[in-house]
Amino acid sequence: MKRMRKILTFILSMAMTATAFAGLTSCKKNSIKNVILLIGDGMGPNQIRMGELYKKDKLSFQTMSLATKVETRSYDNEITDSAAAATALATGTRTSNGKVGINADGEVLQTLVDIAKENGKSTGVLTTEEIYGATPMGFSGHSTSRNNSTELVRSAAENSNVNLFASYTIHNMYKDTFERNGYQEIADADLISESSAEKIFGCYNILAEAPSMSSTETELAFDRLVTEAIEYLSKDEDGFFLIAEGAHIDHGGHNNDMMYMLRELMAFDDAVQAVLDWAKSRDDTLVIVTADHETGGLKLKDGITSENMLQQSDNATYEYFTWTSTGHSSADVWCFVEGLDVDFSKYSFKSEDRIKNTDIFQIIKENL
């Protein structure tokens, strides 16, 4: 009888230990409070390699703990556009090129912003392009066409409940749309962090495009905008979800303009570094850096170095790299993760080396 009691006591003790351990494991998994997603539009592997050579050092996101390749195709095309790519990242559903926040059958999809709001978190959407761009709207608006900018802005302002929108300068009619829906404009980006308003927006001269696309002037540094946004959103005790896009890496690719692409990539690199600096002393923040697709079909030649990367021949063509198109390509992009030990092999391809763009949605959703 005593032996039976000892056995029962041992079993009960083991069960209690297992329960306690499970509780600790669950707590660890659910300890993520903030999620920051940074998207380098058009930033393929060779763009990153060129950035590394140009900087003569690793880019900030190359130092992050985890990395895997990402397949970027859309629902019905090997080559995705930004609208379908953003929708995949934001909703976990692949859709046809041109559709925003809507599946191939025209049904409105729930976004990561919606999920974050359901969990009581503040949300922010930042971009270095106009707010009606495909990537920011993929997380906050819905339309059958990315060209329906008025419809996209209206749906985002009326229904997304995003706390902070910040972008490049937009037309006054879009400002009016936000103001009619309870948004307060913050004209000075340095005052974003001081705002106590529930919903704010700002349109800033983050970059000034030149017709030649050969050089840019950044009047408001992207890393400064991201820092202000984090300081504003982190006032929420329940945490926040922020998506920030470096949009014009893509423009450099479309225009086959290497210096333009590199300047935008360096600005994006600075923004990622600002995020990592903010998060490094915390154990409650997940940071993910990725791209929606590659742009320009950039190819690098053997022997390229930091010293010769921009070397030109007599006919003014670059000797160690070439652009193969002015559009997007089907190349895999990279996803970098900091703040969470992700098992990539549990996702689409059952591999540590490759996932789908929709899997990034799953990873974030599991931690919101």
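Student: At what angle do helix α6 (residues 149-159) and helix α7 (residues 172-180) pack, and how far apart are their axes?

Tutor: In this predicted model, α6 and α7 pack at about 25°, and their axes lie 9 Å apart. Helices here are DSSP runs of H or I with at least four residues, strands are runs of E with at least two, and both are numbered from the N terminus. The axes are lines fitted to C-alpha atoms, for helices over the stretch in contact, and angles run from 0 to 180 degrees between N-to-C directions.

Student: Why is α6 called roughly parallel to α7?

Tutor: The angle of about 25° makes α6 roughly parallel to α7, because angles under 35 degrees count as roughly parallel, over 145 as roughly antiparallel, 65 to 115 as roughly perpendicular and the rest as oblique.

Student: Which residues of α6 and α7 meet?

Tutor: Ser149, Thr150, Val153, Arg154 and Ala157 of α6 meet Met173, Tyr174, Thr177 and Phe178 of α7, where contact means heavy atoms within 4.5 Å. By class, five residues of this contact are nonpolar, three polar and one charged. Ala, Val, Leu, Ile, Met, Phe, Trp, Tyr, Cys and Pro count as nonpolar, Asp, Glu, Lys and Arg as charged, and the others, Gly among them, as polar.

Student: What makes α3 roughly parallel to α11?

Tutor: The axes of helix α3 (residues 82-91) and helix α11 (residues 357-366) cross at roughly 30° and come within 6 Å. That angle makes the α3 and α11 pair roughly parallel. Ala88, Leu89, Ala90 and Thr91 of α3 meet Asn357, Thr358, Ile360 and Phe361 of α11, and this contact has five nonpolar, three polar and no charged residues.

Student: How do you know that α8 is roughly parallel to α10?

Tutor: Helix α8 (residues 222-233) and α10 pack at about 30° with their axes 7 Å apart, and this angle makes α8 roughly parallel to α10. Their crossing is right-handed. Phe222, Asp223, Val226, Thr227 and Ile230 of α8 meet residues of α10 including Ala267, Phe268, Ala271 and Trp278. The contact of α8 with α10 divides into nine nonpolar, one polar and two charged residues.

Student: What makes a space in this structure a cavity, and how many cavities of 30 Å³ or more are there?

Tutor: On a 1 Å grid over the protein atoms alone, a cavity is a set of points where a 1.4 Å probe fits but cannot get out, whereas a pocket is an open set with protein on both sides within 12 Å along at least five of seven lines; lining residues have an atom within 4 Å of a point. The structure holds two cavities of 30 Å³ or more.

Student: Which residues line the second largest cavity?

Tutor: Its lining consists of Ile131, Phe165, Ala166, Ser167, Ile170, Phe178, Phe201, Gly202 and Cys203. Strands β4 (164-168) and β6 (200-204) each supply at least two of the lining residues. Seven residues of this lining are nonpolar, two polar and none charged.

Student: How are residues numbered, and what limits apply to the values?

Tutor: Residues are numbered from 1 along each chain as its sequence is written, and side-chain values use heavy atoms, with hydrogens and water left out. As the model is predicted, local features need pLDDT of at least 70 and side-chain atom pairs count only at pLDDT 80 or more, while totals for chains, interfaces and linings use all residues.

Terms used:
Points joined across faces, edges and corners; volume = space filled by probe spheres on them. Left-handed = near helix turned anticlockwise from the far one by under 90°.
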